[in-house]
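Here's a quick tour of a protein model for someone new to reading structures. Have a look at the sequence and the 3D view, then read on.

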Amino acid sequence: MKSFTYERARNPAEAAASVLRKPDAKFIAGGTNLLDLMKLEIETPAHLIDVNGLALDKIEPTAEGGLRIGALVRNTDLAADSRVRRDYAVLSRALLAGASGQLRNKATTAGNLLQRTRCPYFYDTNQPCNKRRPGSGCAAIGGFSRQHAVVGGSEACIATHPSDMAVGMRALDATVETVRPDGATRAIPIAEFHHLPGSTPHVETALSPGELITAVTLPKPVGGTHIYRKVRDRASYAFALVSVAAIVQRDGTGRVALGGVAHKPWRIESADSQLPRGAKAVMAELLSGARPTRENAFKLSLAERTLGAVLTEAKG
Amino acid sequence: MKFESPATTNPIDQLKIVGQSVSRIDGPLKTTGTAPYAYERHDVVANQAYGYVVGSAIAKGRIKSIDLGAAKAAPGVLAIVTADNAGKLDKGRLNTAKLLGGPEIQHYHQAIAVVVAETFEQARAAAQLIRVDYAAEQGAFDLASLLDKAKPNPITAGPADTAVGDFAANFAAAPVRLDARYSTPDEAHAMMEPHATIAAWEGDKLTLWTSNQMIAWNKAEMAKILGMRAENVRLDSPFVGGGFGGKLFPRADALLAALGARAAKRPVKVALQRPLMFNNTTHRPATIQRIRIGATRDGKITAIGHESWSGDLPGGKADGAVAQTRLLYAGAHRMTATRLATLDLPEGNAMRAPGEATGMMALEIAVDEMAEKLGMDPIEFRILNDTQVDPEKPERPFSQRQLTECFRTGAERFGWSKRNPQPGRVRDGRWLVGIGAAAAFRNNLLTKSAARVRLDNGGIVTVETDMTDIGTGSYTIIAQTAAEMMGVPLEKVKVRLGDSAFPVSAGSGGQWGGNNSTAGVYAACVKLREAVAQKLGFNSAEAEFADGEVRSGNRRVPLAQAAADGGLSAEDEIEYGDLAKKYQQSTFGAHFVEVGVDAATAEIRVRRMLAVCAAGRILNPKTARSQVIGAMTMGVGAALMEELVVDKRTGFFVNHDLAAYEVPVHADIPHQEMFFLDETDPMSSPMKAKGVAELGICGVAAAVANAVYNATGVRVRDYPITLDKLLEQMPDVG
């Protein structure tokens, strides 16, 4: 771990401004991912700006009938919120499928969105990784790729985004609210928030330098049956091989997003429209153009079978 | 004391304290955080500096150059040791690869440097500044591609090739035959406490406060590696946070702490970083196994053959997967073969039931498959082929063998009769449900073990032996033994373990620790009883030791009085005659597992488990049960998730942390039942006990595999049984 300086920010604009003054600075909230990465020198910030004191820890109704989730709301609190459980159950279930109780107590909403891939080659600094050292190559391609992306990958990177929460938010059409160092705010649709790897897998999100997430907003509830089904090798504390976030209405229409298959939560709105025709029809569109490796080709049929089971469950 | 004839009645048979479910006497220390592990022993020596280990970034080749400049100049750095400045180092007798590599590199993450600094953070930061220029060479990393090149290799349990009768002819002639190939992956011990050592020099004397299973072995090994006289090395390892065979031999933490302390001229502590452990230390090697069984139509095995291939570094050892097949089932014509390929992966070595666990993973699937071919119940097939004698030497009986009783008892308790023999027929909501069984079988090993016992004038009995407690309960069963022998309550016994200054014990490994170490304490207590009797004027043969008194006829004297004018001390060692040659000593069990397999996703979840074990006298049912259910848990890991994944291009285990190397978590393990059959084995020792800790893992994975087959009709012969291996053949879902 490299030595670093540390400050506690008092308000969002100050935090954003401070990070811009110190080029190698990073924000820290729960630290459940960043500190591990710093110990391995995968992340080497020279300065940490602790944002835990920014009072962004409320869940409030929005004027549009939705919910505004502060960036610092802990995963445990978000999953347990009665409004989330009632109106956005897919999010609550996704959160509870992730990590462990101890981690969820510490992990924040914004931090969860920004967690980095769990690709083992990313974690081993002896190995080439375009995400960690741009231009060095990708060891996962041709290597151990069972957990990796089957769709949306590139010649440079086949890592997946590990979050469950983000998959639930993608199904809910959440919006990420930010503030920039100059005080300007913007709202980024979750669909545009995470990037595909392309030739720049180290550029993972739409955030510009110094930009700070302040909240995630959920639109007005859409009703329906909310299911989050996470498939993994052990019953707890494991990243998804495939996960399915689904909201299914009584008439069979709805939305579906996948985790564990791509560099970002994976949803294609036109595939949603296939839901009444069943899992096969959805996946034909959602996973079209998939380029799995020999080791993870099973994810294609696994995703389809899992969605099939989810749709059966939704019919009740 | 030499144990040469079967045990007769002795004070242990009173079973006032031995045989009782006593809670661990070290439990309060553990639960209050006051049982310090090696890295936490802040009080043993002042001024401890911190070492951080650098592992090789290549699997095979040479270090062309190391640039230590920036690291040396980093804040707090006291010393950096590499092969260049470490001085002459020998290789340990028990290690295959060197603990400090360079310039030649033998495997990935082989230690190549230790950085010593004032703080851990400084040592780590400086270590990350070291720049190494390697000349990598292509190595051999893929066992499956090297089967033809593998060479015969003897294993601990016997020669590379064994043959009885004419296997080939009788297998060919058998009316019902199975010929199948199985594989088990490389596995990591993944114990909770990493390898860790604090080292301090005083002149030419070295003390290592460390985490180790076998104190005497490692004292000798460290002396050999460092070119020292053994009497100048002291090891102290009173608490060990798990080992599973990964701490049988010295590892880099101990050597690098010693070298770091010498270079920095002050005490140094080193713990292996978790991401380093998987490639730096030893692991259970992968195997590829072929099993052939021939039987008559009525289910009598006539021919049984087991071949196993594994790989290791040059000079390494083969996994002993075939060993149990020589003894488990009857059959006149038999063969085993063990082949070893040269691999440039990290060193393969012992892990809980080494050989037995991997062999039983394959054999007990094969037996299930054979039963199905015969149209027989798999338990009845096993019972039909049970044997009370060594199948290779019929004149040599088992000392005790209750395999059939284990199966019968287990079948009754588990509800085996409700099992549908047709696979894929039982459904519970989204789950396909299946039941499987497998034999558990591990030998009982006898090895000498010494202890010293002291009585003080307060009536306190203190036991000292270099035996270790690796989480198993050694403290407790040793205290129970001394209490029973000396006729005092448990609170009057103090047990001190793990110090090489104490008499040499059996140590912890091969499930030999419990029986042998307590037998050594028994021997020392017999001597102490004689000394007490003599001091108090009793005839030692008649004296009864009970309730803190020595009694004979009408005379009773407080035990403490024997030590009134100074303590009484006795030391002895249990040694063994040839009873283990005349009688095959083994432990047996039957595992029962119910799994659910999700009909859509093929996720496998264990729903119920039962083990019935017969393993001699159970010295403490509570700690023994803990050992068995822990082993069952580890067996579920082996069955369903544990695999060190080899990157065959560059030669290392890719998933080298606890996030990526999955072991079962609480949510994976249902209620586990386990039951010991009544047994005493007078051939094993005066304790009449045997080991249980490795018995528990043998066969579990196969029971899971057989249950998965019963649930789904899909037979997976390559561990771990992950959902991707089932998915293609699962029923369609709507």
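What follows covers the overall build of chain A, then aromatic rings, and then cysteines.

This is a predicted model, so local features need pLDDT of at least 70 and side-chain atom pairs count only at pLDDT 80 or more, while totals for chains, interfaces and linings use all residues. Residues are numbered from 1 along each chain as its sequence is written, chains are lettered from A and ligands numbered from 1 in the order in which they are written, and side-chain values use heavy atoms, leaving out hydrogens and water.

**Chain A as a whole**

- Chain A has 13 helices and eleven strands (DSSP runs numbered from the N terminus: H or I of at least four residues for helices, E of at least two for strands).
- Its C-alpha atoms fill a box of roughly 55 × 50 × 30 Å along the principal axes.

**Aromatic rings**

- Searching the whole structure turns up 16 aromatic pairs over all chains (rings of Phe, Tyr and Trp, using the six-membered ring of Trp, with centres within 6.5 Å; planes under 30 degrees apart are stacked, over 60 edge-to-face, the rest tilted).
- One of them is the stacked pair B:Trp217 and B:Phe249, at 6.1 Å centre to centre with 5° between the planes.
- B:Trp217 lies in helix α5 and B:Phe249 in the loop between β13 and α6, so the pair ties together parts that are 32 residues apart in sequence.
- B:Trp217 is partly exposed at 30% relative accessible area, whereas B:Phe249 is buried at 6%.
- B:Phe407, B:Phe414, B:Trp416 and B:Phe592 are linked into a cluster by ring pairs.
- B:Arg608 lies over the face of B:Phe414, 3.9 Å from the ring centre (for a charge over a ring, NZ of Lys or CZ of Arg is within 6 Å of the ring centre and within 35 degrees of the ring normal).

**Cysteines**

- There are zero disulfides over all chains (a disulfide is a pair of cysteine sulfur atoms within 2.5 Å).
- For A:Cys138, the nearest cysteine sulfur is that of A:Cys157, 5.8 Å away.
- B:Cys698 is buried at 0% relative accessibility, and its sulfur is 10 Å from the closest cysteine sulfur, in B:Cys613, too far for a bond.

Key
Buried < 20%, exposed > 50% of the residue type's maximum accessible area, 1.4 Å probe, protein only.
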